[in-house]
Amino acid sequence: MSKETYEALKAVLVAHSKGLRVTKDGTMGYQLHTAGPVARAGRKLPNIFFAWVREGKNDTALHFFPIYSHPQLFDDLPPKLRKKMTGKSCFHIKTADPELLEAIGAMLERGREIYTGTGKA
């Protein structure tokens with residue numbers, strides 16, 4: 001079950017990775033950073049962590065940094081997705097149904113727009 005969930009979540013990350021850079025793709029998961037500089041907390045950083053999906057023993061974890069850095073812009077997450085959130089930026093997902101994948105895709109797209117400067121920040 002976890003392998004299928006991991007592959008489904010990775011596919012959603014890949015689909016929403018325009019303007020981002022793959023920094024990890026292997027047994028430790030799939031990870032994205034911004035491809036260029038990002039202004040954060042008054043500092044200009046060369047890049048910043050965006051998201052990471054990794055397969056676990058019982059579920060798949062999705063770490064999503066934009067929800068940590070800009071929580072107010074994600075207040076409207078669907079309840080089904082919000083329920084999967086643990087901590088400030090991690091989602092634990094056992095099975096990925098189409099409705100959940102669509103919500104994750106919308107969340108990733110919003111974060112991508114924020115971090116690449118194509119959306120509101």
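Where is the place of H70? In this predicted model, in which local features need pLDDT of at least 70, side-chain atom pairs count only at pLDDT 80 or more, and totals for chains, interfaces and linings use all residues, H70 is found in the loop between α2 (66-69) and α3 (79-82). Residues are numbered from 1 along each chain as its sequence is written, and side-chain values use heavy atoms, with hydrogens and water left out. Helices (H or I, at least four residues) and strands (E, at least two) are DSSP runs, numbered from the N terminus.

H70 has a relative accessible area of 14% and is therefore buried (under 20% relative accessible area, 1.4 Å probe, protein chains only). Its side chain forms a polar contact of 2.8 Å with the side chain of S69; such a contact is a pair of N or O atoms within 3.5 Å, where within protein one must be able to donate a hydrogen and the other to accept it, and residues adjacent in sequence count only if both atoms are side-chain atoms.

The strands β1-β2-β5-β6-β8-β7, in that order, form an open sheet of 6 strands with antiparallel pairing; two strands pair if DSSP finds at least two bridges between them. The edge strands, each pairing on one side only, are β1 (20-26) and β7 (85-86). Between β6 (residues 60-64) and β8 (residues 90-93) there are 4 bridges, and A61 stands opposite H92 in β8.

F64 touches F50, A51, F74, S89, F91, M107, L108 and G111, residues up to four places away in sequence not being counted; contact means heavy atoms within 4.5 Å.

Technical notes
Buried means under 20% relative accessible area, exposed over 50%, partly exposed in between (1.4 Å probe, protein chains only).
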